Amino acid sequence: MTTITIDLDQAAAPTTVNNFVFLARNNYFDDTVCHRIIQEFVVQCGDPTATGTGGPGYAFPDELPAEGAYEVGSIAMANSGPDTNGSQFFIITGESGAALPPLYSLFGETEDLGVVSEMNAQGSLDPSGVPSTELRIESVEITQS
């Protein structure tokens, strides 16, 4: 089992962080598969169906960052257009991901770049991002400092 620590940015994205914490505390992400891993781009998780179309049954508004805010290790919401955030999120694993336009609510980051690199290695270069091996979230624990 590998652990990754994510620092949530409540000041920059309060609604997004509150949503993530709510879902995590209700075990929403537990035992789910990260369904999309594109090398040097992103690892996408948070869909309980592992199809890329699942979500919590609601959407909430964007909290978009400034241009150039994404970097390797950033955590942002996946969406299907403006104000369609739900449960799917991604971790930026490479420069292609860091170059994304500011269309995704940025709500945290990790400094565990070794873990990010390990996740990235499980991906493909195919745009569908079907992972070469299963990457599963066993559980998410929320701690406050």
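**Exercise 1.** How many nonpolar, polar and charged residues does the lining of the second largest pocket have?

*Solution.* The model is predicted, so local features need pLDDT of at least 70 and side-chain atom pairs count only at pLDDT 80 or more, while totals for chains, interfaces and linings use all residues. Residues are numbered from 1 along each chain as its sequence is written, and side-chain values use heavy atoms, with hydrogens and water left out.

Step 1. On a 1 Å grid over the protein atoms alone, a pocket is an open set of points with protein on both sides within 12 Å along at least five of seven lines, and lining residues have an atom within 4 Å of a point. Ala, Val, Leu, Ile, Met, Phe, Trp, Tyr, Cys and Pro count as nonpolar, Asp, Glu, Lys and Arg as charged, and the others, Gly among them, as polar.

Step 2. The lining comprises 8 nonpolar, 12 polar and 1 charged residues. Of its 21 residues, Gln44, Ala78, Asn79, Ser80 and Gln88 are the closest to the centre of this second largest pocket.

**Exercise 2.** Determine which element gives the most to the lining of the largest pocket.

*Solution.* Step 1. The largest pocket holds about 1,100 Å³ of space, a volume being the space filled by probe spheres set on grid points joined across faces, edges and corners. Its lining has 33 residues, and the closest to the centre are Ile4, Thr5, Ile6, Ser139 and Val140.

Step 1. Helices (H or I, at least four residues) and strands (E, at least two) are DSSP runs, numbered from the N terminus. Helix α1 gives the most, with 5 residues.

**Exercise 3.** Identify the cysteines joined by the disulfide, and state which parts the pair ties together.

*Solution.* Step 1. A disulfide is assigned to a pair of cysteine sulfur atoms within 2.5 Å. Cysteine 34 is joined to cysteine 45, with an S to S distance of 2.0 Å.

Step 1. Cysteine 34 lies in the loop between β2 (32-33) and β3 (36-38) and cysteine 45 in strand β4 (residues 42-45), so the pair ties together parts 11 residues apart in sequence. Both cysteine 34 and cysteine 45 are buried.

Definitions and conventions: Buried < 20%, exposed > 50% of the residue type's maximum accessible area, 1.4 Å probe, protein only. 1 Å grid on protein atoms, 1.4 Å probe; cavity = no way out; pocket = protein on both sides within 12 Å on 5 of 7 lines; lining within 4 Å.
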